[in-house]
Amino acid sequence: MESANKIEPDKKRVQDMIAVAEQRDQAALSRLFDHYVPKIRSFCLAAQPGANLMADDIAQEVMIRIWNKAHTYKPEAASLNTWVFTLARNARIDYLRKNSRYQSDIDPEYLWQNIVDESADPFKDAQLKRDQQRIQQSLDKLPIDQKQVLSKVYLEGKTHKEAAEELSLPLGTIKSRVRLALQKLTIYVKR
């Protein structure tokens, strides 16, 4: 008894479509909107994932077409779902054609090839400058004797033995100062 009074959802939507066509019933359109817009959006996003704006535009376009063309729907020709998704497919094709009309064949990479770059890589230059500052600040933190040994070995290019002779220090002292200085620099630079 209760099921006889209950109208199947598909029949209810067909009745809503007829109400839109014949009476311009906005409540019926609202029910169709609630049912079909998420499905149309899913249909569009399945074809182009992440294109939410496009999916919204197409869903809106389909609802406008339903409002304007509801009188052309023939239940005996096709199911309501088939008719609505045909509208969605056509709206999607129209949307893609409309939005690709202004694309050109000019490759932006080609445009940038002829421009002379005055700086090889500004990001790399900035990073290099920042690294130089960090190393200089770390060198300034070293004790004078370690900084002096590093300067002789790495900046002046002298061997450990030459640095030892020039500073009048034992070779082992020079090597240990270099090792300690490099360990401290590693710690300072990493901070």
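This is a predicted model: local features need pLDDT of at least 70, side-chain atom pairs count only at pLDDT 80 or more; totals for chains, interfaces and linings use all residues.
Helix α3 spans residues 26-47 and includes Leu29. With a relative accessibility of 17%, Leu29 counts as buried, because the cut-off for burial is under 20%. Apart from neighbours within four places in sequence, the residues in contact with Leu29 are Val20, Met63, Ile66 and Trp67.

The loop between α2 (9-23) and α3 contains Arg24. Most residues other than glycine have a negative phi. Arg24, which is not a glycine, has a positive phi, near 55°. The relative accessible area of Arg24 is 38%, so this residue is classed as partly exposed.

Helix α9 comprises residues 160-167, and its buried residues are Ala163, Ala164 and Leu167. These three cover an arc of only 100° around the axis and therefore lie on the same side of α9. In an α-helix there are 3.6 residues a turn, so residues three or four places apart point the same way. On the other side of α9, Lys161 and Glu165 are exposed. The cover over the buried residues of α9 includes two helices, α8 (144-155) and α10 (171-190).

Ser168 follows α9 and is placed in the loop between α9 and α10. Like Arg24, which has a positive phi near 55°, Ser168 has a positive phi without being a glycine, in this case about 60°. The relative accessibility of Ser168 is 64%, which means that this residue counts as exposed, whereas Arg24 is partly exposed.

Leu29 in helix α3, by contrast, is buried at 17%.

Definitions and conventions
Residues are numbered from 1 along each chain as its sequence is written. Side-chain values use heavy atoms; hydrogens and water are left out. Helices (H or I, at least four residues) and strands (E, at least two) are DSSP runs, numbered from the N terminus. Buried means under 20% relative accessible area, exposed over 50%, partly exposed in between (1.4 Å probe, protein chains only). Contact means heavy atoms within 4.5 Å. The arc is that of the directions from the helix axis to the C-beta atoms.
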